[in-house]
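Here are my notes on the model you sent.

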Amino acid sequence: MTARESLDAILASPEFAPYIVVNRLLPAAEGSFAPFPADLDGRIAAILRKKGFDALYTHQVEVWERVQEGKNVVVVTPTASGKTLCYNLPCLQALLADESARCLYLFPTKALSQDQQSALNDLSGGDDEGLNLKIATYDGDTPESLRVSARDTGRIIISNPDMLHAGILPNHPKWIKFFSRLKFIVIDEAHAYRGVLGSHVANVIRRLRRVAAFYGAQPQFILCSATIGNPRELAEALTGLPVALVDRNGAPRGEKRIILYNPPLVDAVQGIRRSAVTESRRWMIALLRAGIKTILFAHSRIKTEVAASYVNEDLANIFTDNFRIRVEPYRGGLLPNERREIEKGLRDGTIQGVVSTNALELGIDIGGLDASVVAGFPGSFNSFWQQAGRAGRRGGTSVSVFVATASPIDQFIMNDTDWFFRTSAEEGRVDPENPYILTDHVKCACFELPFVNEQLAMSDEQKGESFGSNALDVLEYLEEAGIVRHAGEKWHWADRSFPAEGISIRSATADNVVIIDVTAGRNAVIGEMDRPSAKELIFDNAVYIHRGRQYLVEKLDIENRKCLVREAEVNYFTDGLVKTDIKVLSEDEKITLHSLYAVLGDVLVRSQAAKFKKIRFHTHENIGYGDIDLPEEEMQTRALALLFDPHSAGGKALAEMDEQEAGAALSGAGTLIRTIAPVFLLCDPRDLGIAERVRDPHFGVPALYIYDKYPGGTGLAEGLVHCISSPAGGLFAAINEALTRCPCKSGCPSCVGPGGNKAAAVKFISSIHL
């Protein structure tokens with residue numbers, strides 16, 4: 001039976017067919033080709049022809065032309081459309097034309113860096129017929145013995161923003177030869193740099209341009225991105241420079257089948273559906289048994305490990321071609337050698353399936369996967385299409401199955417599938433001027449090179465050393481704290497610390513907790529986790545799952561940043577319960593949105609994991625609770641407070657309810673906002689916090705706080721103002737539609753949450769006329 005016949009049999013089986021909401025075939029598309037550019041170096045053309053390339057895609061040629069004109073370029077085309085050649089060709093050309101030239105490639109993950117070095121070596125390797133160019137990866141996994149030669153002789157350095165921030169820029173005197181001859185900076189997967197990470201990376205790029213300018217270089221930028229709504233705007237925000245857009249895709253596209261699957265109801269009254277993890281597992285097993293290589297995206301570390309262990313249990317005695325089907329989990333926190341082993345196994349076929357967080361969403365070459373299963377909406381349409389694109393990267397027919405959870409946004413999609421397919425890509429936003437982020441990077445930049453008064457007043461276009469309009473204010477603040485000193489028209493670093501060491505560009509803190517296996521005296525490091533996550537996931541007596549093995553946490557030592565775990569066999573996993581308290585610090589802007597009142601300002605959020613649940617494997621029933629004794633986390637951030645006095649939209653409805661009903665109405669609205677707003681804001685649901693107050697102690701009226709879960713905020717609270725004020729297709733319109741379309745009677749996980757009061761929420765939300 002062929003793969004297509006096997007897939008048709010799965011789709012027609014009574015096990016799945018009744019719950020398939022949409023089965024849509026996206027037809028194959030022909031490619032658009034153009035000859036090699038006339039000025040392309042003959043050696044590069046010869047290698048391309050040897051590898052079977054007789055022509056280029058039209059977008060690859062268009063990027064070449066823009067680069068040869070001296071422009072910075074961002075290319076935006078779908079997954080597996082040959083974006084790598086868009087930047088490799090101009091860079092290799094520059095390196096062959098000038099023996100002293102250097103290029104810097106930045107990828108968002110170390111796995112992607114390793115993957116791209118392999119592809120580059122294949123294209124430009126040092127054999128007799130190669131280009132004999134030294135390509136070096138310089139990241140946290142690079143051995144000390146190789147770092148000096150990479151700095152001194154590497155023509156292309158492949159790295160990531162983390163290493164650039166903490167390892168390369170603070171040590172720029174060691175990189176004089178590289179920075180003084182830097183011609184191109186490549187930023188791949190640019191769409192990944194949004195929100196907190198993007199705001200940090202924009203400042204790291206400011207520092208990079210500043211150091212390069214100090215050594216006399218003004219490098220060009222080439223950025224690659226998946227489809228987003230504002231690629232040029234994002235590219236210009238990241239680089240601080242004008243950027244030309246290339247977005248006409250010339251690559252062919254293989255046939256792809258998109259399946260939207262809604263798990264069956266197990267309790268129609270309460271609106272409870274079969275678990276998305278369970279159903280995703282069933283899809284993956286069916287596909288693997290049919291010989292179809294599959295990736296399952298599970299979106300959290302716990303779900304990834306749980307789903308992988310379920311699948312391996314079910315496949316324990318099933319063999320294909322005399323080999324047992326092997327499935328591995330892939331997530332953050334794995335050690336480098338474990339990641340490499342899984343990536344290699346996927347490429348060479350010894351691993352047939354993988355359960356991943358969004359760590360494999362980006363363009364890592366993991367071989368010819370034919371199917372992707374997405375367990376729950378990943379937070380944005382961009383992420384969904386990236387994950388769907390992981391299957392079929394090498395042409396041919398592929399399938400992507402979206403398994404809905406009971407969350408409001410998933411059920412909203414299942415009830416309006418046309419909206420799902422017609423919705424345009426979201427926009428990526430960054431806020432380099434975030435006061436917390438900017439202050440961190442001004443410290444780092446001042447450590448690297450003194451600031452000069454004259455340069456602080458220049459724009460990015462005038463000089464590669466500009467740090468935005470607020471840099472001077474930050475320096476004056478740091479001078480008061482004794483961290484910098486101002487002398488002779490220059491600002492000098494005056495502290496003994498190494499600032500980049502204490503600043504994480506991916507999370508609110510730089511402190512990672514190391515996880516140590518102490519079983520039978522091993523004392524082996526098996527993973528790591530950021531401090532805030534550790535308080536919620538690896539507290540004392542928590543179950544930690546690592547590549548299918550279960551461990552019980554003996555001791556989480558927050559002060560010394562280590563967690564001791566011991567192997568154990570238990571029939572449950574754990575989940576921390578977090579309580580939150582909010583204090584208003586400032587009211588910066590009072591907004592009237594039609595008849596709805598809102599206040600934008602700073603708040604202090606205190607959160608603490610106080611208890612945890614024990615959840616039984618397979619049935620997912622709650623089998624007990626435990627206490628967590630850890631200090632609370634404090635964070636100052638930005639929030640939008642929606643106020644409902646008796647004369648405002650929604651306030652009249654709340655005034656007619658008793659306190660319990662009003663609380664349920666606000667809680668239901670908060671649940672819906674938390675799950676649906678991220679689609680409008682292009683953020684993860686975990687980036688937003690919600691707090692409801694029936695009578696808020698600060699404002700004295702019912703209030704709904706929506707806050708940014710990053711110190712200082714990243715613009716999400718401000719972005720919500722636009723989402724709420726848009727009458728056509730705005731946030732409250734989508735929430736009202738999701739609520740009214742939900743078939744449950746009294747409240748369920750797909751709308752206001754189990755145990756909620758749907759009637760109260762409907763009355764409240766429908767009364768908000770925007």
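**Helix pairs, sheets and cavities**

1. Helix H9 (residues 195-214) and helix H10 (residues 231-239) cross at roughly 50 degrees, and their axes come within 7 Å. That makes H9 oblique to H10. From H9, the contact takes Gly198, Val201, Ala202, Ile205 and Arg209; from H10, Ala237, Leu238 and Thr239. By class, this contact has five nonpolar, two polar and one charged residues.

2. Basis and terms. This is a predicted model: local features need pLDDT of at least 70, side-chain atom pairs count only at pLDDT 80 or more, and totals for chains, interfaces and linings use all residues. Residues are numbered from 1 along each chain as its sequence is written, and side-chain values use heavy atoms, with hydrogens and water left out. Helices (H or I, at least four residues) and strands (E, at least two) are DSSP runs, numbered from the N terminus. Axes are lines fitted to C-alpha atoms, for helices over the stretch in contact, and angles run from 0 to 180 degrees between N-to-C directions. Angles under 35 degrees count as roughly parallel, over 145 as roughly antiparallel, 65 to 115 as roughly perpendicular and the rest as oblique. Contact means heavy atoms within 4.5 Å. Ala, Val, Leu, Ile, Met, Phe, Trp, Tyr, Cys and Pro count as nonpolar; Asp, Glu, Lys and Arg as charged; the others, Gly among them, as polar.

3. Now helix H22 (residues 659-681) and helix H23 (residues 716-725). They pack at an angle of about 90 degrees, with axes 10 Å apart. That makes H22 roughly perpendicular to H23. H22 brings Ala677, Phe680 and Leu681 to the contact, and H23 brings Leu716, Gly719, Leu720 and Cys723. The class count is six nonpolar, one polar and no charged residues.

4. An open sheet of three strands has the order S21-S23-S22, with antiparallel pairing (two strands pair if DSSP finds at least two bridges between them). Strands S21 (451-452) and S22 (484-487) are the edges, each pairing on one side only. S22 and strand S23 (residues 490-493) run antiparallel, joined by four bridges. The bridge partner of Arg485 in S23 is His492. Helix H17 (residues 435-448) packs on this sheet and touches S21, S22 and S23; its direction makes about 95 degrees with that of S23.

5. An open sheet of five strands has the order S25-S24-S28-S27-S26, with mixed pairing. Strand S25 (524-530) and S26 each have a single partner strand, so one side of each is left without a neighbour in the sheet. The twist averages 35 degrees from one strand to the next.

6. Two hairpins sit in that run of strands. S26 and strand S27 (residues 549-557) are antiparallel, with four bridges. His546 stands opposite Arg549 in S27. Two residues lie between these strands, and Arg547 takes a positive phi near 50 degrees. S27 and strand S28 (residues 562-567) pair in the antiparallel sense over six bridges. In S28, Arg566 is the bridge partner of Leu552, and Glu567 is that of Tyr551. Four residues separate S27 from S28; Arg561 in the turn has a positive phi of about 55 degrees.

7. How many cavities of 30 Å³ or more does a search of the whole structure find? Two. On a 1 Å grid over the protein atoms alone, a cavity is a set of points where a 1.4 Å probe fits but cannot get out; lining residues have an atom within 4 Å of a point. Grid points are joined across faces, edges and corners, and a volume is the space filled by probe spheres set on the points.

8. The largest cavity holds about 130 Å³ of space. Helix H12 (301-314), strand S26 (543-546) and strand S29 (572-584) each give two or more residues to its lining. Among the lining residues are Arg301, Glu305, Arg331, Met529, Tyr544 and Phe573. By class, the lining has eight nonpolar, one polar and three charged residues.

9. The second largest cavity has a volume of about 50 Å³. Its lining includes Val584, Ser586, Gly601, Phe699 and Tyr705. Strand S31 (596-616) and strand S33 (633-643) give two or more residues each. S31 supplies the largest share, four residues. The class count here is nine nonpolar, two polar and no charged residues.

Definitions and conventions:
1 Å grid on protein atoms, 1.4 Å probe; cavity = no way out; pocket = protein on both sides within 12 Å on 5 of 7 lines; lining within 4 Å.
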